[in-house]
Amino acid sequence: MKKAVIDIGSNSVRLMLSENNKTLYKIVETTRLANALDKDNNLCGECLNKTLSSLSFFIERAKKEKAEIYVFATAAFRTAKNGQQLKEQIKEQMGVDVDILSGEEESKMGLMGALNGKKGGIIDIGGASTEIGYYDGKTIKYSKSLPIGAVKMTRLFGEDRTKLEEYLLDKIKEYGTIPKIKYRFIGGTASSIASMLLKLEIFDSNKTNGFTVKYKDVKRLCDNLYSKTTEERRNIVGLEKNRADIIHSGVNILYTIMKNFGIKKVNVSESDNLEGYLICKGEKNEKKNEYN
């Protein structure tokens, strides 16, 4: 039986199709849902419409594959006042349940997907939140999500590196003392950093998966990104053009975390909360939508 997992993220909507615990493919559409939050903290407007359109497209594709469908949403949905209302709307119009994950649940999904039962930690920089977690091989010993992400930080601080770093240095104190372990780095920012450092003209997950990102390279990359305009960033080899306006913030989040917590390197994992959701929820047949 094929299984489809759809992630309604704060920067993009993603679809993963798997069969017999093997990923067949992943598809991503950038929608910038985090930018759909208005002054009253409701999701609305063009970015929301793009997100719902992408979701509908992925659901129809999954139906054609005759797959069991699982849908979850992260930071943008859980912080929006109308998140539950949109969940009900999606259920009524598209016939699927949306599982709105808490920050800790999102961290758990990332841990399970990236580590596949092994001991270790994750850093997951998303569009509107960043999770850090640690799994000791039996239980989750540490899990913390903060509302800092590449889209949200760009929306708040634009190109002002000084103000962003001042904000981040204060905000990440809420992580407390994080475990001194090896970390897997997951999410779109992770893939982008690896791709840029590898200078990949065509993205190849087989090359980015397992790639070691060193602190000194993150610092150098951060300096380089802030020295360029958005248009100049579009010409950076390895960077998707639609990330050129937010990548500096994502890299700065990693840079600040690594600097503050003394992390010398992280290893990129292309397995993330999509795989983790299937491990944690899909295999238990929870919140499942079947189309035969």
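Student: Which residue in β11 stands opposite lysine 214?

Tutor: This is a predicted model, in which local features need pLDDT of at least 70, side-chain atom pairs count only at pLDDT 80 or more, and totals for chains, interfaces and linings use all residues. Residues are numbered from 1 along each chain as its sequence is written, and side-chain values use heavy atoms, with hydrogens and water left out. Strand β11 (residues 265-268) pairs with β10 in the antiparallel sense over three bridges; two strands pair if DSSP finds at least two bridges between them, and strands (E, at least two residues) and helices (H or I, at least four) are DSSP runs numbered from the N terminus. The residue in β11 opposite lysine 214 is lysine 265.

Student: Which strands stand at the edges of the open sheet of six strands?

Tutor: The pairing in this sheet is mixed, and the order is β8-β7-β6-β9-β11-β10. Each edge strand has a single partner, so one side of each is left without a neighbour in the sheet. The edge strands are β8 (140-146) and β10 (212-214).

Student: How do α7 and α9 lie, roughly parallel or roughly perpendicular to each other?

Tutor: Helix α7 (residues 188-198) and helix α9 (residues 215-226) pack with their axes 11 Å apart, at an angle of about 90 degrees. Axes are lines fitted to C-alpha atoms, for helices over the stretch in contact (heavy atoms within 4.5 Å), and angles run from 0 to 180 degrees between N-to-C directions. Angles under 35 degrees count as roughly parallel, over 145 as roughly antiparallel, 65 to 115 as roughly perpendicular and the rest as oblique. The two helices, α7 and α9, are therefore roughly perpendicular.

Student: Which residue takes a positive phi in the hairpin of β2 and β3?

Tutor: Strands β2 (residues 12-19) and β3 (residues 22-30) run antiparallel and are joined by eight bridges. Serine 18 stands opposite threonine 23 in β3. Two residues lie between the strands of the hairpin, and the one with a positive phi, near 55 degrees, is asparagine 20.
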